[in-house]
Structures are given as structure tokens and as C-alpha cells.
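Dear colleague,

I am passing on the structure that follows, and below it I set out what was found in it. Please read it alongside the coordinates when you have time.

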Amino acid sequence: MEPIRVLDLGLVPAVRSQSVYHAVAHTFGPHTPDTLILVAPERPYVCIGYHQDIDAEVDRDYCREHGLPVYKREVGGGAVYLDRHQVFVQWVFAPDHLPADLPGQFDLFARPLVDTYRSLGIEAYLRPINDIHVSGKKIGGTGAAQIGGARVLVGSLMFDFDKETMSKVLKVSSEKMRDKVFQGLTDYMTTMREQLGEPADRDATVSRYLAACEEALGAPVVAGELAEEELALADELDTRLASEEFLGIRGRAPVGVKIHQDVRVVEGALKAPGGLVRVTARLREDRVDDVTFSGDFTLLPADGVTAIEEALRGCAVSQEELTARVESVYLDRALESPGLAPADFARVLVAAAGPAA
């Protein structure tokens with residue numbers, strides 16, 4: 001492989017920690033070098049996955065009251081609180097420079113992270129599909145997307161993590177539920193600080209990580225800079241990623257219609273191995289009149305969800321017919337969704353529809 005460009009940007013404005021890899025990916029062309037970005041935000045913020053419904057996932061009132069901006073990324077996964085105690089790792093590569101299958105890409109991307117932790121004495125390992133664990137506790141997840149002409153893989157070096165704030169930014173049904181979320185984060189998530197008993201040195205850890213990348217990728221990593229085109233687009237994306245229009249791109253199915261005996265709106269959720277799938281649907285005479293899927297799953301390409309929704313309109317609410325239509329979209333669009341099968345989209349919709357279906 002050709003040398004890999006490294007952009008170690010240090011601390012940047014919060015939104016720039018997301019917009020920079022989007023900009024590199026959207027401008028990626030035949031002469032763009034494979035790029036590895038290291039970055040952390042100057043101030044805390046909340047970021048949601050591309051397929052998520054912000055009003056279902058994030059307590060926006062809490063975020064407003066505590067000055068936490070909310071951004072959406074073009075990568076799947078869940079809502080997360082982020083601050084300067086994580087160093088974000090972002091790969092923007094030519095697709096044919098990575099393994100052909102998504103699990104293989106996650107495996108390659110996770111390898112330098114795992115090796116870095118192990119070099120520090122932390123016995124980390126990849127827990128399929130795309131989480132990194134230490135003794136059964138999560139020390140980071142990874143995500144993927146096809147953005148522009150590039151394949152993007154994202155993760156982090158987890159120096160420390162504010163679990164209490166994370167539990168407060170999520171939308172939950174009650175304070176009792178919030179307490180359970182916090183306890184779950186406490187019991188099943190860990191950090192370098194917890195594992196080592198003291199803060200890890202940022203520069204030394206990053207140096208270990210870059211050396212691990214060279215070994216895993218079989219190519220040298222070389223310090224570089226953003227091109228003018230990339231920087232200009234990052235400036236534009238700083239605004240777009242925070243816009244209400246983009247935040248609502250996966251909005252719920254419309255409910256502002258008159259409901260009568262033949263029309264009803266239903267909601268439901270399903271936890272699949274690849275993540276949580278939410279559905280909001282309007283049914284007319286037990287056929288799909290309109291439907292929206294959201295959640296913290298990974299599905300590539302990202303607009304495949306829209307294609308699934310369109311394919312299901314007019315379909316009878318039955319597991320067999322819905323599955324067949326989704327399978328057809330998967331085949332036609334060559335969709336990838338690790339841990340999530342076509343039948344799962346059908347299953348969550350059938351369950352939401354209930355006995356009347």
C-alpha cells in the first residue's frame with residue numbers, strides 16, 4: 001500500500017471532530033491518499049447515528065439546559081456523549097484497500113486499537129460484531145459507512161468516560177430507568193483510566209497506536225495536512241451536521257392524519273444482534289401505508305433504509321411477505337447490515353402491528 005496520511009488534529013471545535021472525516025470522505029477521489037484522522041473535541045457534545053430518531057434517543061431539554069450541542073453523523077450506531085477524554089480514530093480509505101466484507105473491515109480496524117490497549121497492559125479483544133471489550137466490559141465500539149467515494153471506519157481510544165452524563169443525555173421513560181442505564185454503564189463499560197488506575201499519556205498512546213496501524217496495514221503512516229478542498233467542505237459541514245434539517249433526516253412516519261377504523265399508527269422496537277431497530281408505521285386495512293425505521297444499527301449504503309421503506313409501502317403486514325420484499329431490496333442494492341437480517345425488519349413491524357395484523 002501507498003503511505004497513509006495521518007491528520008493528528010489535537011483538540012478542535014466540537015462539530016469539527018465530526019465534520020473533518022465527512023469532508024475528507026465526500027471529496028475523496030482517485031488521488032486522495034488513504035487517511036487516518038486523530039482528533040478530540042474542545043467541548044463536550046452529543047452525537048447520534050445516521051439511522052436514529054433524535055427525539056426517540058436524546059433528551060434534548062437536558063442537552064439545551066447544560067449547553068450540550070447535538071450533531072448527527074453519516075455513520076450508524078447509537079447516541080453517545082463525547083468529550084476531550086476520548087481520542088477519535090477515523091479511517092477514510094479507498095474501499096478496495098480494505099477487506100471486501102464488513103466484518104473483515106471491523107476486524108482490521110479494531111486490530112490496532114486492541115494492540116494498543118494490550119501494549120499498555122490492558123487485555124482487550126474484539127467482540128464481534130464491532131465492539132472492543134476488556135474482561136466482558138466495553139472499552140469502545142466501532143462504526144462504518146460509505147461516504148462519497150470512501151469507506152469510513154470510526155472508533156476511539158477511550159482514555160476516560162463520563163458515564164453519569166451519558167445516562168442523562170439519553171431519552172428514557174423514567175428516572176428509575178435512567179438509574180438502571182447508569183448502573184449498566186458502570187458495570188459493563190470501562191476506560192484506560194479505570195484499567196490502569198491512572199490517566200494514560202495521550203502522545204505516547206497515540207504513538208503506540210500509529211505503530212500498530214503500520215503493522216496491521218503493512219504501510220507507513222506519514223503526517224499530512226488537509227487539502228484546501230477538504231478544509232472548505234469541513235467549514236460547510238460544520239453548519240450542516242448541526243442543522244435541524246439534517247438532525248431530522250430520519251424523522252418518524254407522519255402521524256398528523258385522521259385515524260379511523262381502517263387506519264392506525266403503530267410503533268415498536270426489536271433488539272437484534274446488530275443493534276436496536278425502531279419502527280413507526282401507518283397501517284391502512286392492515287397494509288403498510290407509510291413506515292420509518294430508525295435505530296443504532298449499521299446498514300450500508302445508508303440510503304438502503306429508505307429503499308426498504310419504499311419497498312414495503314402497500315405490502316400486507318405478514319412476516320413472509322414483508323421479509324420477501326426486504327430480501328429483494330438487499331439483493332438489488334447489495335446491502336450490508338452485520339447482525340441484522342431482512343427478517344428483522346419484518347419482525348419488528350409485525351410485532352408493532354399486533355394481533356390485528
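A residue is called buried here when its relative accessible area is under 20%, exposed when that area is over 50%, and partly exposed in between, with a 1.4 Å probe and protein chains only. By that definition, buried residues make up 53% of the 357 residues in the protein. This is a predicted model, in which local features need pLDDT of at least 70 and side-chain atom pairs count only at pLDDT 80 or more, while totals for chains, interfaces and linings use all residues. Residues are numbered from 1 along each chain as its sequence is written, and side-chain values use heavy atoms, with hydrogens and water left out.

The protein has 13 helices and 15 strands (DSSP runs, H or I of at least four residues for helices and E of at least two for strands, numbered from the N terminus).

In helix H11 (residues 304-312), the buried residues are Gly-304, Val-305, Ala-307, Ile-308, Glu-309 and Leu-312, and they pack against strand E15 (287-295), helix H12 (319-333) and helix H13 (342-353), where contact means heavy atoms within 4.5 Å. Just after H11, Gly-314 takes a positive phi of about 90°.

As for the cysteines, a search of the whole structure finds zero disulfides, a disulfide being a pair of cysteine sulfur atoms within 2.5 Å. The sulfur of Cys-47 lies 12 Å from the closest cysteine sulfur, that of Cys-63, which is too far for a bond. Cys-47 is buried at a relative accessible area of 1%, and Cys-63 also counts as buried, at 2%.
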